[in-house]
Amino acid sequence: ELLEVLSFDSVRRRMSVIVRSTAGEIYLFCKGADSSIFPRVIEGKVDQIRSRVERNAVEGLRTLCVAYKRLIPEEYEGVCGLLQAAKVALQDREKKLAEAYEQIEKDLILLGATAVEDRLQEKAADTIEALQKAGIKVWVLTGDKMETAAATCYACRLFRRGTQLLELTTKRIEEQSLHDVLFELSKTVLRCSGSLTRDHFSGLSTDMHDYGLIIDGAALSLIMKPREDGSSANYRELFLDICRNCSAVLCCRMAPLQKAQIVKLIKFSKEHPITLAIGDGANDVSMILEAHVGIGVIGKEGRQAARNSDYAIPKFKHLKKMLLVHGHFYYIRISELVQYFFYKNVCFIFPQFLYQFFCGFSQQTLYDTAYLTLYNISFTSLPILLYSLMEQHVGVDVLKRDPSLYRDIAKNALLRWRVFIYWTFLGVFDALVFFFGAYFMFENTTVTSNGQMFGNWTFGTLVFTVMVFTVTLKLALDTHYWTWINHFVIWGSLLFYVVFSLLWGGIIWPFLSYQRMYYVFIHMLSCGPAWLGILLLITVSLLPDILKKVLCRQLWPTATERTQARNQCLSVEQPTVFMLSQTSSGLSF
Amino acid sequence: MAMNCNPKDEVDGGPPCAPGGAAKTRRPDNTAFKQQRLPAWQPILTAGTVLPTFFIVGLIFIPIGIGIFVTSNNIREIEIDYTGTEPSSPCNKCLSPNVTPCVCTINFTLEKAFEGNVFMYYGLSNFYQNHRRYVKSRDDSQLNGDPSALHNPSKECEPYRRNEDLPIAPCGAIANSMFNDTLELFLVSNESDPTPKPIRLQRKGIAWWTDKHVKFRNPPGEGTLEEKFKGTTKPVNWPNPVYMLDSEEDNNGFINEDLIVWMRTAALPTFRKLYRLIERTDDLHPTLPAGQYFLNITYNYPVHSFDGRKRMILSTISWMGGKNPFLGIAYITVGSISFLLGVVLLVINHKYRNSSNTADTMAF
């Protein structure tokens, strides 16, 4: 019969139940981590079990120790009373409960230990390797003991055979002071970092020193503890320096709040990296909430983590496709969306601004109000919308196969100042071309074959037409994945613009109070130089961007571009490649 | 990685499985559209694909540019400024005239004959027809012949909307500032009779066909034009009301072509507008033979108060319009730049391909 439950909490790492047997005797059974049971044990085969537990941990099994104690009825009454008082306390309930538990769970008799093989999920090792190849630093934060966690890390290939393990554990800190340990470690890693290239391909070069750091919760709390002499900031800096040069970090014996603490530490370190936390249990919730992206694995341990996360996945292996394929695609799409929006609006408004210099700064608009309103709504909205839903600059299987492509977009590469300034520059250049191209064409002369003159609305319509075509064709040049939908929206938008203009200017609309656009578009298209001008201005606007793309692809290709070229080559020239390799190998002999 | 948590923590938030039947799955369909596996064309912009384009662009643009440039060079044009601000100009006396209307004459010489149709323009400088408040100061429904708008012009025309309690027709600042100089052209023949021969100037055909026949209409009704415009008054700065702009009925009232041309506001502060056509006589004689001409100006339109300038332009027209070397030069420039870039890219491509080939062979 179950009398009481002293529930589990991650600080004391054990739980107990009080039961009454059929014979009427009262027992207290306690199970928990070995570090929290052994100190409270007064008899039992302590050494034997301790060594057994160590061996199990090294093999990677999760260990628990079980102990018990017999309670006489008076003791039970006392225990009941304590618990009752603590449970209904109005203030400091947690503390009172902890004290009560502390008092009750002592003088236990060791029963034995259990070991559970917590198997790694399928393809976990594959996923971690892929993430490391992609340039993502992988840290493992666990509440397990050091030996178990290290064994698990070897199993999932976080630490490889050549990885040199550095320890920042309580054991070492007891031997030397924290200061010395930190200094020694930093010297070890920094010695080799000078000879390393900036981003070493982990796993591909065997002669580089591969460091792995192991730190446990107690050491971390020592580092994080605020000190009076202000040296804690130095320790944190040192610690982060060491971490930066290690390919993998294992933090064991972490309490849930410490997991969040370490995520916070990294978030606010010098480079402000983007952090992602993935976990499946309730003790991962704080770190999931703290990180930039929190992912919960819907697992056997319940849905607490999934409920608190930004994204929930059923298995750990899905993280690979999520980051390397979906994440990569979304980043490409959204960066193009943002840059393109600024670009097309610079192209739109800058000629208006330039016109002010020629209209006496009276805010006369260059384009008709219908064009002003519909530019961003109808003429240029659908192409970029469908681009940002459908674009795949390289194929899905290529991205899965080659995680190093992820490095091309690391550190927010496509939304940096440099890229943004390029797009803005391009927008300004295009706007200057549109406006001054039309200006010099219109200046002081007629362009029709019957000598009649155009007015300001024709001027604006010419600029607008060139602009709509240019920005749409620019997007067409940037699109790498042309489905029928892309064709439909891009050519359809242009067609819609032409049809709209013809209709808008083709009829005297009764609801309009002005008729200034009547026949303007059609008349503009009926003169030869307008067509020639449109063709010329579109070409001049797109030329620099094409040139830049081609030159950069030729002279400084990124890994993504090389993959695209290779795929194109392979799909076209398969037999030639084989022949070449045979001939060249023949030549070398 | 937690120690064995209490299972009572787990509260199932998801939908419970229906006993026996299949639970409603929220999995998206495995179609090509929803899983983004649509068949697609995947082009990449390599040097190989772009090089031919550069060369083609160069090869197409350069001849076009040359053609346009040559055409533009063959167009004859002459500009006569007659503002009269310089004391030596014949029109200086019209700046502050003692007698109105002031008439002045400017002599000029045509070096070469003008063949084909010749177009006569008047040009203004520093005149901002594209000022915002100027551009909106008109009533298109009144000009379209709408009787209600005729007697009740739109508020946009303020302050040129009503005068002495009568609505102004046509209302607005654009109509009010209509150009009213009269220009006449005379040829001084070198032969025996020294009397100057007037050149015949066509008044019709200077405005857009759609403007004259659709957009601008006289108010409906029976009777003369004067009766149709009863109850309105002329714009403040006009000498005559709108129904006295021309003697011919189909060029009078709102459909007067000079008015229509003026109402089409120009894009830039220096502009020209079509004034008259000089039709070609026959193919044997040039329309305007080389020689001495003089231009008779009835100077009504004052521009010196805002530092404006006035001029008369005579020009022939080709299929590409008036004399404008810009398009030709631009095409030639862009064509040659494109060709040059093509050559540069070819060189780079060649060198890069060579170097990558050597790298491949060395790797083996």
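**Entry 1**

I began with F294(B), which counts as buried because its relative accessibility is 18%. Buried here means under 20% relative accessible area, exposed means over 50%, and partly exposed lies in between, with a 1.4 Å probe and protein chains only. The model is a predicted one: local features need pLDDT of at least 70, side-chain atom pairs count only at pLDDT 80 or more, and totals for chains, interfaces and linings use all residues. Residues are numbered from 1 along each chain as its sequence is written, chains are lettered from A and ligands numbered from 1 in the order in which they are written, and side-chain values use heavy atoms, with hydrogens and water left out.

I checked F186(B) next; at 17% relative accessibility, F186(B) also counts as buried. Rings of Phe, Tyr and Trp (its six-membered ring) pair if their centres lie within 6.5 Å; planes under 30 degrees apart count as stacked, over 60 as edge-to-face and the rest as tilted.

**Entry 2: ring pairs**

I looked up F379(A) with F464(A). Their rings are edge-to-face, 6.0 Å centre to centre, with 70° between the planes. F379(A) sits in helix 15 (residues 369-379) of chain A and F464(A) in helix 19 of chain A, so the pair ties together parts 85 residues apart in sequence. Helices (H or I, at least four residues) and strands (E, at least two) are DSSP runs, numbered from the N terminus. Both F379(A) and F464(A) are buried.

I went back to F186(B) and F294(B). This pair is stacked, at 5.3 Å centre to centre and 25° between the planes. F186(B) is in strand 6 (residues 182-188) of chain B and F294(B) in strand 9 (residues 291-299) of chain B, 108 residues apart, so the pair links distant parts of the chain.

I also traced a cluster linked by ring pairs. Among its members are Y371(A), F379(A), F464(A), F496(A), W504(A) and F521(A).

**Entry 3: nonpolar cores**

I listed the cores. A nonpolar core is a set of buried Ala, Val, Leu, Ile, Met, Phe, Trp, Tyr and Cys residues joined through side-chain atoms within 4.5 Å. The largest has 69 residues, and Y371(A), F459(A) and F464(A) have the most contacts inside it. Helix 19 (residues 456-478) of chain A gives the most to this core, with 10 residues. A second, separate core has 65 residues, including C94(B), L143(B), L183(B) and L314(B).

Which residues are in contact with F459(A), leaving aside its neighbours within four places in sequence? They are Y355(A), L366(A), F435(A), A438(A), Y439(A), F442(A) and, from chain B, A267(B). Contact means heavy atoms within 4.5 Å.

**Entry 4: the UniProt record**

I looked up chain A in UniProt. An unreviewed entry places the feature "transmembrane region" at residues 370-390, 420-442, 454-476, 488-512 and 518-543. UniProt positions are given in the numbering used here, feature names are shortened, and annotations may be inferred rather than shown by experiment.

I checked two of these spans in the model. Residues 454-476 of chain A are 91% helix and 0% strand, with end C-alpha atoms 32 Å apart. Residues 488-512 of chain A are 76% helix and 0% strand, and their end C-alpha atoms also lie 32 Å apart.

**Entry 5: a sheet in chain A**

I followed an open sheet of six strands in chain A. The order is 1-2-3-5-6-4, with mixed pairing. Two strands pair if DSSP finds at least two bridges between them. Strand 1 (2-9) and strand 4 (41-43) of chain A are the edges, each pairing on one side only. Strand 1 of chain A pairs with strand 2 (residues 14-20) of chain A in the antiparallel sense, over five bridges. E4(A) stands opposite I18(A) in strand 2 of chain A.

**Entry 6: backbone checks**

I looked for cis peptide bonds. The bond from E158(B) to P159(B) is cis, with omega near -5°. P159(B) lies in the loop between helix 4 (147-151) and strand 4 (162-163) of chain B. Another cis bond joins A169(B) and P170(B), with omega about -5°.

D107(A) is not a glycine, yet its phi is positive, about 55°. D107(A) counts as partly exposed because its relative accessibility is 41%. R157(A), also a residue other than glycine, has phi near 60°.
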